[in-house]
Amino acid sequence: MKRSAKGNMLLFMAAIIWGCALVAQKAGMSHLGPFGFTAIRCTIGGLVLLPLIWHLDKKKSTEEKQKEAGTKETIIGSVWCGLVLTSLILFQQFGLPYTTVGKAGFITALYILLTPVMGIFLGKKAGKNLWIGVVIGLAGMYMLCLYEGVSGLTFGDLMMLCAAVMAAAHIHVIDYFVQKIDPVKLSAYQFIFTGLICVIPMFVFEEISIEAIVECAIPILYAGLISCGLGYTFQIIGQTETDPSLASLILSLETVFSLFAGWIFFKEVLSGPEYIGCALMFIAIMVSQLPDRKKSDRLRENRS
């Protein structure tokens, strides 16, 4: 199998895994509170990446190890990324009982549009395709949540919108720290830190028991072991063997899989306008990820 084909397959599997992750997050809420589920899930997700860190460290040269950030920088980066990640996941956990998995997936996916828009305030340029995607995305958001007026916008939808904002912020925070910190270490440590953040409110605001954890074992293991650990590993390997633009498009299929997962596991059926909204938002995501024509032409000129 060619490297690109293998990379595409791994990214496709990551999209499926993450598309079903919201099902696990919603199912977990039937036995555990948002803080408890997040604490256990993220701790498992971080710990399961530690063997991958050990394996990758063995392959690094002495020069690569010397270029890496020290312990202090790694901790600072992990704490900041963990704080933003905690907000992102908790917005999802608090909102999922009040919306469908399909809508949650598409609304959260707005981060793909919000990330470059947010980047404008950080001095980064945005291409024409992004603004076309934003316009289509707003139309999709209207059909998905506001077609029946403001009353059609649920508390869950608002929480997912907040999650999308935090997801965009999370990407920029990671982009800042990943320049020096190993990305796998940053991912693992931010998950562990997120788990630690949620431990105290878990005991203060929620009732936690071994029986509840056992009842919730499958959603916890999926969200922690499969979604955080396996999904992230597939993404890392897949992106090293696939063009970045194609990788983004494949990973955006996560939204479609979340829609199917909600229908299969929770029998969630959207209305006609909501399906149209999902389709528009998916088109917006794909359009925004297409390479800018002028930029592509300049790259060709430089190569020739």
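**Notes on the model**

1. Confidence by element. This is a predicted model. Where pLDDT is low, the predicted coordinates should not be read in detail.

2. Confidence overall. For the protein chain, the mean pLDDT is 86. A pLDDT of 70 or more is reached by 94% of its residues.

3. Helix α14. This helix covers residues 272-289, 18 residues in total. From first C-alpha to last, α14 reaches 26 Å, close to the 26 Å expected at 1.5 Å a residue. Buried positions in α14 include P273, E274, G277, C278, M281, F282, A284 and I285. V287, S288 and Q289 of α14 are also buried. As background to reading such a list, an α-helix has 3.6 residues a turn, so residues three or four places apart point the same way.

4. The largest nonpolar core. Which residues have the most contacts inside this core? They are F106, I107, L110, M141, L144, C278 and M281, in a core of 23 residues. Two or more residues come from each of α1 (3-28), α5 (101-108), α7 (128-146), α8 (155-177), α13 (254-266) and α14. Helix α7 gives the most, with five residues.

5. L144. Leaving aside neighbours within four places in sequence, L144 is in contact with K103, F106 and I107, and also with P273, E274, G277, C278 and M281.

6. H170. Once neighbours within four places in sequence are left aside, the contacts of H170 are C81, V84, L85 and Q190.

7. L90. Helix α4 (residues 71-95) holds L90. L90 counts as buried because its relative accessibility is 13%, again under 20%. Not counting residues up to four places away in sequence, L90 touches P34, F35, T38 and C198. The C-alpha atoms of L90 and W18 are separated by 16 Å, and the two residues are 72 residues apart along the chain.

Key. Residues numbered from 1 in each chain as written. Predicted model: local features only at pLDDT ≥ 70, side-chain atom pairs only at ≥ 80, totals over all residues. Heavy atoms only, no water. Helix = DSSP H or I, 4+ residues; strand = E, 2+ residues; numbered from the N terminus. Expected span 1.5 Å × (residues − 1). Buried < 20%, exposed > 50% of the residue type's maximum accessible area, 1.4 Å probe, protein only. Core = buried A, V, L, I, M, F, W, Y, C linked by side-chain atoms within 4.5 Å. Contact = heavy atoms within 4.5 Å. pLDDT = per-residue confidence, 0-100.
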